[in-house]
Amino acid sequence: MKGDFFWVGAMATILKRISFDKDLIPLVHDFDCAPEYPPTFWEEEINEWIRLDPSAKDGALYYLAKGTEVWLYANEDDDIVGYGSLCNSNWPDPAVVQQVPKLKRVPISLIPAVGIDRRFQGGPEGAETAERYSTKIMNHLVFAARRHTDRQSFLGLYVHPANEKAIKLYRRMQFGPFTQKYRHEKAGVDYVSMILRLADYPFQSEA
Amino acid sequence: MEEAMKEEKLPLLAAYGDKALSVEAAEQLVRLAEDATLHAATGEDLPMADKEKLLRKVALQNTR
């Protein structure tokens, strides 16, 4: 066989999901999405959000009880690569509907928090863009949002305007700029928003 | 009518969704919804992880 060449196709990334609950807190005890020290404001926020005690009236466990969906993502070695979440917007409010009557009176889906542990950012090593953990996680959130046929077919998110790395990822995932802003009092800045049109979900109900 | 009433009683979820939608954003949402040429994402589901296996691994790491 010496001298022969074998073409080996790029390996498909193995990433699995699990719905987050309080039993899984030990898995995110060391979650850290900050590649450098000190972490940025938004990195610290994402690190805290997933393990925050619900008595703080914020964080994954608090919002889980209010209907937000949260997933952890694990690779083939059962390491936690990252997490993602999905909720519905508080829109539209009646005053806006009065001014914009064509607006559908159902909410859209929002990603309140998503993060990848620093050890796995840009990974797996050598993976094509479509096979990166970041792409896989975002694609899962898109898929999960599509299943909410009670909402408008849009997925939105807010991002710190200086979080260029995340904005680049969202652009790559075809999110476009959205006029909505969110004043983050603690950060002291307006978070910008981005939006993605979702394809209609093909099934009426889950088997 | 029943549908409209249901829509009026939407759950008010906080997180970043707590902010009211601005009129400009509402108008943009209508435009986007009517734009048939806009890319529509399909996404992709992922297989389920084994909860017990994940917990066993972290427990093992913590005893080392």
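Where is A:Pro38 found? A:Pro38 sits in the loop between E1 and H1 of chain A, where helices (H or I, at least four residues) and strands (E, at least two) are DSSP runs, numbered from the N terminus. The peptide bond that leads from A:Tyr37 into A:Pro38 is cis, with omega near -5°. This is a predicted model, so to speak of local features takes a pLDDT of at least 70 and side-chain atom pairs count only at pLDDT 80 or more, while totals for chains, interfaces and linings use all residues. Residues are numbered from 1 along each chain as its sequence is written, chains are lettered from A and ligands numbered from 1 in the order in which they are written, and side-chain values use heavy atoms, with hydrogens and water left out.

Chain A has another cis bond to look at, from A:Gly123 to A:Pro124, with omega near -5°. A:Pro124 belongs to the loop between E5 and H4 of chain A. Then there is A:Lys57, whose phi is near 55°, a positive value in a residue other than glycine. A:Lys57 lies in the loop between H1 and helix H2 (60-64) of chain A.

Next comes the meeting of the two chains. Contact here means heavy atoms within 4.5 Å, and 59 residues of chain A are in contact with 47 residues of chain B. Together the chains bury about 5,100 Å², with 62% of it on carbon and sulfur atoms; buried area is the accessible area (1.4 Å probe) that two parts lose on being put together, summed over both. On the chain A side, A:Arg17, A:Asn90 and A:Arg197 lose the most area to chain B, together 14% of what that side buries.

The interface also has 20 residue pairs in polar contact, both residues being at pLDDT 80 or more. A polar contact is a pair of N or O atoms within 3.5 Å; within protein, one must be able to donate a hydrogen and the other to accept it, and residues adjacent in sequence count only if both atoms are side-chain atoms. Several elements of chain A give two or more residues to the side that touches chain B, including strand E1 (15-19), helix H4 (133-146) and strand E8 (189-197). The largest share, 7 residues, comes from E7(A). Sorted by class, that side of chain A has 30 nonpolar, 12 polar and 17 charged residues. For this sorting, Ala, Val, Leu, Ile, Met, Phe, Trp, Tyr, Cys and Pro count as nonpolar, Asp, Glu, Lys and Arg as charged, and the others, Gly among them, as polar.

A:Asp78 turns up in two pairs. A:Lys16 forms a salt bridge with A:Asp78, the closest N and O atoms being 3.3 Å apart. That pair links distant parts of the chain, with A:Lys16 in strand E1 and A:Asp78 in the loop between E2 and E3, 62 residues apart. From the other chain, B:Lys53 forms a salt bridge with A:Asp78, with 3.7 Å between the closest N and O atoms.

Finally, the pockets. The largest pocket has a volume of about 1,200 Å³ and is lined by 48 residues, of which A:Trp42, A:Ile46, A:Val114, A:Asn163 and A:Tyr170 lie nearest its centre. On a 1 Å grid over the protein atoms alone, a pocket is an open set of points where a 1.4 Å probe fits, with protein on both sides within 12 Å along at least five of seven lines; lining residues have an atom within 4 Å of a point. Grid points are joined across faces, edges and corners, and a volume is the space filled by probe spheres set on the points. H1(A) gives the largest share of this lining, 8 residues.

Methods. A salt bridge is a side-chain nitrogen of Lys or Arg within 4 Å of a carboxyl oxygen of Asp or Glu.
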